[in-house]
Amino acid sequence: MAYLSLILILIVVIILFIIFKTVLKAFFKLFFYTFLILFLASGVLGYLIYKDAMDFKDNFTISDNLLLLEDNGKILTGFVLHPGGEPSILTSQQLNDFTNYYNSKQYGNMIGSNYKMFIIKMSAFKPEGTVDYDGQQLDRKRLIDSLRSDNPANTYLQGVSGAAQNNIADDATLKASFFVILYTDDLGTDPLNIIFKYKEGNIVIYPETIMFKIIKYMPLDIISSAGLLSDKLYKQNITGMIAWLGRL
């Protein structure tokens, strides 16, 4: 009986060894192939992000881009930003069409031939305080109320002593200028401000290419150190918009 027990124990040990060896071999094979797939996928993803980032750097400031202001499902104002920061203001009919397209998420019908479209929600701007523009302190609430108004000139002039109606631009230009003033003050100092608001969900970027999809989940300090956005090229457009304001 002792010999029989010993033989049974040896058989069990051999079977367990074979099972363990088979499982271990399968595990290492699975680990190797998983690592290989992840390594290759990371390489491909990294290349696509790099390619997308280079495309954005090369084309953003030399292409037309569409900037829109949205509030409660309505496109209030917007313009095509040409290279160097010169804007072409959208008409009321275009804004109405864009509102319909926006609410049905037909972004492809909005962007047209522009390189990128940025739909900035009103919530991206600070609602209180003032904006320092050309040596004047402009009340933020008054600017925002005017942007929401069907008669922005009258809304802006209410309570402004000594204001002259004939010195106020037409409604479309006035709204676009208020949009630019808020944009340059809240978002125009650093391209990371745009990314921060984008990560918050206060800005829609279309097309949302792979770089922006990944950026949405990356910490800002990593984005900054990676150099995915160019401060110099970004500020070139801001300078152009400010120069346009000065000519109004």
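Predicted model: local features only at pLDDT ≥ 70, side-chain atom pairs only at ≥ 80, totals over all residues.
**Entry 1. The second largest pocket**

I began with the second largest pocket, whose volume is about 290 Å³. Residues are numbered from 1 along each chain as its sequence is written, and side-chain values use heavy atoms, with hydrogens and water left out.

For the term itself I noted the following: on a 1 Å grid over the protein atoms alone, a pocket is an open set of points where a 1.4 Å probe fits, with protein on both sides within 12 Å along at least five of seven lines, and lining residues have an atom within 4 Å of a point. The volume is the space filled by probe spheres set on the points, which are joined across faces, edges and corners.

I then looked up the lining, which consists of 18 residues. Leu76, Ser92, Leu95, Asp150 and Lys175 lie nearest the centre of the pocket. By residue class, I recorded seven nonpolar, seven polar and four charged residues in this lining. Here Ala, Val, Leu, Ile, Met, Phe, Trp, Tyr, Cys and Pro count as nonpolar, Asp, Glu, Lys and Arg as charged, and the others, Gly among them, as polar.

Which elements give two or more residues to this lining? I found β2 (74–81), α2 (92–103) and α6. The most comes from β2, with five residues. Helices (H or I, at least four residues) and strands (E, at least two) are DSSP runs, numbered from the N terminus.

**Entry 2. The chain and its cores**

I noted ten helices and seven strands in the protein chain. Of its 248 residues, 38% are buried; buried means under 20% relative accessible area, exposed over 50% and partly exposed in between (1.4 Å probe, protein chains only).

I next examined the largest nonpolar core, which has 39 residues. Ile120, Phe125, Leu143, Leu147 and Phe179 have the most contacts inside this core. Helix α6 (residues 171–186) supplies the largest share of the core, eight residues. A nonpolar core is a set of buried Ala, Val, Leu, Ile, Met, Phe, Trp, Tyr and Cys residues joined through side-chain atoms within 4.5 Å.

I also recorded a second, separate core of 14 residues, including Leu68, Val80, Phe98 and Met110.

For Phe179 I listed the contacts (heavy atoms within 4.5 Å), leaving aside neighbours within four places in sequence. The partners are Leu67, Leu68, Leu69, Thr77, Gly78, Phe79, Ile120, Phe125 and Leu147.

The side chain of Asn65 reaches the backbone nitrogen of Lys116 at 3.1 Å. Such a polar contact is a pair of N or O atoms within 3.5 Å; within protein, one must be able to donate a hydrogen and the other to accept it, and residues adjacent in sequence count only if both atoms are side-chain atoms. Asn65 and Tyr115 are 50 residues apart in sequence, yet their C-alpha atoms are 5.4 Å apart.

Beyond four places in sequence, Asn65 touches several residues, among them Asn114. I therefore turned to Asn114, which counts as buried at 13% relative accessibility. Asn114 sits in the loop between α3 (108–111) and β4 (116–121), and its side chain reaches the backbone oxygen of Ile111 at 2.8 Å.

Ser63 lies in the loop between α1 (2–59) and β1. Ser63 is buried at 17% relative accessibility, and its side chain reaches the backbone oxygen of Asn59 at 2.6 Å. With residues up to four places away set aside, Ser63 touches Leu81, His82, Pro83 and Tyr115.

**Entry 3. Backbone particulars**

Asn72 belongs to the loop between β1 (65–71) and β2 and is exposed, with a relative accessible area of 75%. Lys105 belongs to the loop between α2 and α3 and is exposed at 62%.

Finally, I recorded a cis peptide bond from Tyr206 to Pro207, with omega near -5°. Pro207 is placed in the loop between β7 (203–206) and α8 (210–215).
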